[in-house]
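Good morning, and thank you for joining this group meeting.

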Amino acid sequence: MEDRREDLELLEKIAEGSRTAFDRFYEKYAPMVYHIALRIVGDEAEAEDVSQDVFLEILQKPHQFDPKRGSVQAFLAVKTKSRSLDRLRKKRDLLVNRLEEAALKENGAEFYFLRQLEQQVLIDALTHLPEEQRQAIIHFYFHGETQREIAAAMNKPLGSVKSLIRYGLRNLRKQKELFRWMEAGRGEKQHEA
């Protein structure tokens, strides 16, 4: 109870412009915020950047915290998780690294979570492709259809489907090389050429 009261007083003083209150708030919660960010992004420098973003947001908008919705710790944890996920979405290489780490550790929950995030990023990347390239890639990678099956479904010559997939992948790679994992063994070699 005492701790909660102190948190509310610190946030009120931060809103009034107190540097001392902010320093105390930072000292109290910086280790927790950093630890959560590091666990999600898996990179010390990125975790420090996320922590800085979270505390900058607290400094600029201390009234975002609503005591009716829970504790300051829970508020900071949710905010840190959200900013960390934003960072993974923006830095796709970082996401790929986290996926590779999770796969090596065989940490089921973490790997599943990161795979879901990867799929969101992939779906976002696919929306930027021309329609026919997007359809060919969806059939090929998500439905597991052969290029011959795709050609029949799209009523296109086999060579055109191969080109659509090739150009689609090239366009996706241009989107910050998200698909390093495809080049590492998934994809083309598993299907009919």
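Predicted model: local features only at pLDDT ≥ 70, side-chain atom pairs only at ≥ 80, totals over all residues.

Which residues of α8 are buried? They are Q147, I150, A151 and M154. Around the axis they cover an arc of only 105°, and therefore they lie on the same side of α8. The face of α8 turned away from the buried side carries exposed residues, namely R148, A152 and A153. Just after α8 comes N155, which takes a positive phi of about 55°.

Let me turn to the pairing of α7 with α8. In general, two packed helices are described by the angle between their axes and the distance between the axes. Helix α7 covers residues 131-142 and helix α8 covers residues 147-154; their axes come within 10 Å and cross at roughly 135°. Because of that angle, α7 is oblique to α8. The crossing in which α7 passes α8 is right-handed. On the α7 side, the contact is made by E132, Q135, A136, H139 and F140, and on the α8 side by Q147, I150 and M154. Sorted by class, the residues of this contact are four nonpolar, three polar and one charged.

F140 lies in helix α7. Is F140 buried or exposed? Its relative accessible area is 0%, so F140 is buried. F140 and I150 are ten residues apart along the chain, and their C-alpha atoms are separated by 7.3 Å.

I now come to a second pair of helices, α3 and α4. Helix α3 comprises residues 44-60 and helix α4 residues 72-90; the two axes come within 10 Å and cross at roughly 130°. That angle is why α3 is described as oblique to α4. Here too there is a right-handed crossing, as α3 passes α4. From α3, the contact involves E46, D49, V50, D53, V54, E57 and I58, and from α4 it involves F75, L76, K79, T80, R83, S84 and R87. What classes of residue does the contact of α3 with α4 have? There are five nonpolar, two polar and seven charged residues.

Thank you for your attention.

Definitions and conventions:
Residues numbered from 1 in each chain as written. Heavy atoms only, no water. Axes fitted to C-alpha atoms, helices over the stretch in contact; angles between N-to-C directions. Helix = DSSP H or I, 4+ residues; strand = E, 2+ residues; numbered from the N terminus. Parallel < 35°, antiparallel > 145°, perpendicular 65-115°, else oblique. Left-handed = near helix turned anticlockwise from the far one by under 90°. Contact = heavy atoms within 4.5 Å. Nonpolar A, V, L, I, M, F, W, Y, C, P; charged D, E, K, R; others polar. Buried < 20%, exposed > 50% of the residue type's maximum accessible area, 1.4 Å probe, protein only. Arc of directions from axis to C-beta.
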